[in-house]
Structure formats: structure tokens, C-alpha cells
Amino acid sequence: MRTAHSAHSAQPSQLTLTGVTRRYDDRVVLDRVSFTVRPGEKVGVVGDNGSGKSTLLKILAGCERPDDGEVTVVAPGGVGYLPQTLDLPPSATVRDAVDLALADIRELESRMRRAEAELTEETLEAYGELVARFEARGGYRADARVDIALHGLGLPGLDRGRALGTLSGGERSRLALAATLASAPELLLLDEPTNDLDDQAVAWLEQYLRAHRGTVIVITHDRVFLERITSTILEVDSGAVTRHGDGYDGYLAAKAADRRRRLREYEEWRSELARNRRLAESAVARLEAIPRKLPLAVFAAGPFRARGRGHGAMSRIRNAKERVERLTDAPVAPPPDPLRFTARVVSGRAGEPAGPRAELVDMRVGDRLRLPYLRIGAGERLLVTGSNGAGKTTLIRVLAGELRPDTGSARVSGTVGCLRQEESAWGAGLTVLQAFAAGRPGAAGEHAEALLSLGLFRPADLRLRIGELSYGQRRRIELARLVSEPVDLLLLDEPTNHLSPALVEELEQALAGYEGALVVVTHDRRMRSRFTGSRLELRDGRVAELQPA
């Protein structure tokens with residue numbers, strides 16, 4: 001194993017992984033991964049929550065070492081790494097966070113000052129090299145760049161002496177991002193940089209990264225961000241990393257082509273299996289039709305011996321059966337069934353339309369939510385937006401029957417299905433299959449085929465315990481339950497969180513065909529732009545605007 005990280009080579013930035021393996025205990029996260037990132041590429045890293053994306057970035061940043069394989073990172077202009085969480089105590093200050101992100105520039109400046117104080121004719125050349133490198137990194141303007149980035153990300157004038165413990169989680173994330181960008185590295189490694197950013201801050205970040213002349217490798221679930229920034233997609237799945245060119249559109253095209261290929265191979269397998277079964281059956285039928293005894297025929301002076309009854313037919317039967325056995329022993333799995341939400345669509349008497357699925361009148365829940373009136377009819381679609389803390393999740397919980405309003409009324413009819421933003425209440429000891437089958441008739445094993453047909457889990461995953469799963473995998477169980485039973489009112493609270501972009505695209509297609517009433521809370525820009533239906537904006541627990549469809 002060899003790991004090389006350089007900030008001083010004269011070569012252009014280059015990143016190569018060769019046969020890299022990383023495991024935690026018995027779990028292999030990355031399995032013999034190899035790829036190369038060219039200088040100046042903008043790379044998006046996608047995959048399910050818990051697939052190993054962050055581990056991959058940590059290895060590239062030099063924060064973790066692989067168990068096997070080689071990693072080569074050559075970046076003359078430095079490496080900037082943004083983890084998902086800031087590794088500093090609450091008592092640390094904003095200045096400490098900035099200094100941590102600018103550590104290589106600070107170290108270069110310190111060496112330059114020491115050389116300056118001890119300057120002699122013999123050390124003049126070395127001092128000049130330090131100055132040149134410091135200026136090449138824009139060291140004199142590093143702190144000014146921090147202020148510019150903080151302003152662009154929505155934290156103007158942040159006091160450098162303020163304790164990190166007094167900042168919200170979102171503010172700490174934006175501070176870390178601003179400082180990382182301000183270090184102006186040639187190679188940027190960013191783990192979910194759009195988390196906790198509003199649309200304006202994301203737009204600023206996109207503009208910054210488009211102008212960045214170096215290499216960018218970014219983990220993100222933001223599909224619009226991927227579409228606007230990246231030229232290459234690295235997909236992490238089951239320990240493997242697959243490279244897709246032509247940006248996000250190329251990635252989607254490759255996924256669609258892969259599905260068509262798998263479907264074609266499955267149909268060819270089915271067709272070949274059926275053909276050989278027919279061959280075997282027809283050969284048996286022909287054999288049965290041949291008389292068991294034939295009279296001796298006399299030609300000229302002597303008799304001839306009739307051919308055996310099974311001549312030819314037995315070999316054809318044997319060959320066909322052997323081919324059937326080989327095909328059966330090596331089955332080709334079909335691609336997963338597309339996700340599909342279904343509704344009972346209960347109608348009124350005499351064919352009249354069904355009544356409203358939800359009706360809220362003069363409703364108040366503490367100081368979190370106030371709604372004078374809201375009606376959601378059968379088949380209607382509602383998109384709920386608003387800042388964090390505006391009451392969106394509170395509204396979902398009221399509609400789900402999990403929270404009773406303090407005043408007013410909330411009437412909901414029909415069967416309700418809900419994809420929650422918070423953790424599920426399943427016990428950590430349940431398996432994936434047991435959680436999927438919970439509350440459903442029959443033994444858990446009877447539901448395995450239905451779960452596997454959705455493609456959300458592999459056969460080996462069904463035995464995993466809830467406590468072993470990532471947050472994204474637990475959400476997949478909730479999603480699987482929702483698409484496997486009809487509901488009249490479907491409630492989705494941030495449905496794109498922690499799901500891979502490919503699965504989110506499939507989720508949107510499933511929602512397009514859903515006939516029941518739908519309420520969606522989402523920050524996802526692509527989902528919001530594609531949404532067709534009414535829109536409700538909440539501000540500080542009150543209705544700001546209701547736009548009909």
C-alpha cells in the first residue's frame with residue numbers, strides 16, 4: 001500500500017486510486033476500487049447513504065488509509081477538505097475554525113516569516129521560493145476571502161472570537177465551507193456542501209465552483225447542483241465505484257441503458273429456457289409416438305435390423321434437459337419493478353367524487369403552526385415550502401394523526417401513508433424483512449419476494465438488523481412499505497433526504513402516476529421545479545401564501 005499526498009510538486013493536480021480496499025471489521029466498504037481524476041475535472045460522487053462515499057473522500061484527503069491498494073494525490077496548489085462535521089469542540093472559536101481550514105497557508109506564512117527574520121545571502125533563494133509559493137496560494141488575501149465567502153453563504157460579519165457552541169449546526173457548516181473555499185486549494189474535496197444552504201447561498205456556491213480552475217470532487221444529493229457543476233459522476237455501490245461521463249445527464253442515460261440491458265438479458269434467458277423446455281417436451285412426445293416393435297422388412301435376399309426406437313430422440317431429450325438444467329442453475333435476475341404508489345381512490349355514493357382527504361379549520365399547534373383553513377381534496381397535490389422551523393413537519397404530523405391541534409379541527413379521511421423525516425420507531429434488533437412485514441398478515445418470510453422485487457434491498461440485506469443500517473437504508477424500508485400498500489393520502493416529509501439521485505428520479509416517476517391525494521415537504525430544487533399542484537408557503541408557523549394548482 002502506498003499513499004502519497006503532495007502540495008509542492010511541479011506536476012499538475014492528479015488523483016489516482018489503484019486497487020483500493022477499505023473495510024471496517026467484517027464489512028467491506030470499498031472493494032479493489034480503481035479510477036483516475038484528471039486535472040480540472042468537476043466530479044460528483046453519488047450513492048446511497050452509507051455506501052462508502054464519505055470513506056472514499058476521507059481516503060482521498062489523507063484522513064484515512066486504505067487496507068490495500070495505492071492512492072496518489074498530487075496537488076501543487078494544495079488540498080482543501082470539507083467533512084460533514086467540523087472537528088472542533090464547542091469552546092473553540094470561529095477564528096480556530098478558520099485557522100484549521102487555512103492550516104497549510106498559515107504554516108507557509110510562518111515559515112516565510114521565520115526565514116525573513118533569519119535572512120542571509122545564503123538563504124535568500126529559499127526565502128524567495130517561500131514567498132512565491134505563498135503568493136501563488138493568495139496568502140495575503142486569505143482572510144479577506146473568508147469574509148467574502150461568509151457573506152456569500154449568508155453569514156456576513158461573523159465575529160472571529162465567537163464560540164462555535166453558540167452557532168447553530170447550519171451556521172457551523174457554512175463557516176467550515178467558507179473557510180475551506182477561502183484556502184483556495186487546487187483540489188477541493190467537499191462532503192455534502194449544500195446541506196443547510198438556502199437557494200441564494202447554493203447559487204453563490206455554484207458560481208464559485210464553476211469559476212474554480214482546479215479540480216473539484218463533491219459528494220451531494222442535490223441533483224440540480226450535479227447538473228450544473230459536474231462533468232463526471234462517480235457512483236459508489238456495493239463496494240465498487242463506477243465512472244460515468246457527460247455529467248448528470250450522462251449518468252441518468254447510463255442508468256437507463258443498464259436497466260434496458262438487464263431487461264433484455266432477462267428476456268433472452270427466459271426465452272432460451274422456454275425454448276429448451278419445449279424441445280425436451282416435443283422430443284419426448286415424438287419418442288412416445290414411435291411404435292415399440294416394427295415388423296421385419298425383407299429387401300432382396302435378407303432382412304435388415306430396424307433402428308432402435310430411441311435413436312436420435314434420446315440424444316435430443318438429453319441435450320435439451322442439460323441445457324434447461326444449466327439455465328436453471330444460472331438464472332438471470334430481472335431488473336427491479338419500477339416503484340409505484342397506489343391509491344384506493346374511494347368514491348362517494350352514486351359515482352360522486354370522494355370527499356376531501358383532509359380539512360383543517362382554525363387550527364393552532366402551540367406557536368409552531370397556525371392555519372385558518374386548508375382543504376386537500378381526493379387526488380389533489382400540495383407542495384409545502386418554508387424555512388427551517390416554519391412548521392412544515394408539524395403540519396405533516398397533524399395530517400398523519402400523530403399530533404392533535406391545541407385549537408380548531410383537523411379531519412382526515414381514508415388511509416394515510418407517511419414517509420417521515422425523523423428516525424423510525426423500529427427496534428434496533430429487528431431485521432430489514434421483519435420491519436417491512438411488521439403489522440402485515442403472515443410470517444415475515446412470506447413478504448421477502450415482494451420486498452426484493454422493488455430492488456431497494458438485496459437478498460443478503462434482509463437479514464441485517466435495523467441497528468446496523470444507515471439512515472438512508474432505514475428510509476428505504478419506509479418507502480418499501482408505502483409502495484407495497486395502497487393509501488388515499490400520501491405524506492412525504494423531505495423524501496429525497498439520504499436517497500441516491502437515481503432512486504429519487506424513480507421516486508418522482510412513481511409520484512407522477514399516483515392518483516391519491518399528495519402532500520410533499522421538500523427543499524429539493526429539482527422536485528420543487530417539477531411539481532404540478534397547489535403550493536403552500538409557511539413563514540413562522542403561518543400561511544404566507546397559498547397558490548392553487
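Which backbone oxygen does the side chain of Ser51 reach? The side chain of Ser51 reaches the backbone oxygen of Asp48, at 2.8 Å.

This is a predicted model, where local features need pLDDT of at least 70, side-chain atom pairs count only at pLDDT 80 or more, and totals for chains, interfaces and linings use all residues. Residues are numbered from 1 along each chain as its sequence is written, and side-chain values use heavy atoms, with hydrogens and water left out.

**Two residues in loops**

Ser51 sits in the loop between strand S4 (42-46) and helix H1 (53-61). Helices (H or I, at least four residues) and strands (E, at least two) are DSSP runs, numbered from the N terminus. Arg440 lies in the loop between helix H12 (432-437) and helix H13 (448-452).

Ser51 is buried, at 12% relative accessible area. Buried means under 20% relative accessible area (1.4 Å probe, protein chains only). Arg440 is also buried, with 12% relative accessibility.

| Side chain | Partner | Distance |
|---|---|---|
| Arg440 | Glu485 side chain | 3.3 Å |

Contact means heavy atoms within 4.5 Å. Leaving aside neighbours within four places in sequence, Arg440 is in contact with His447, Arg481, Ser484 and Glu485. With that exclusion, Ser51 is in contact with Val29 and Val236.

Methods: Buried means under 20% relative accessible area, exposed over 50%, partly exposed in between (1.4 Å probe, protein chains only). A polar contact is a pair of N or O atoms within 3.5 Å; within protein, one must be able to donate a hydrogen and the other to accept it, and residues adjacent in sequence count only if both atoms are side-chain atoms.
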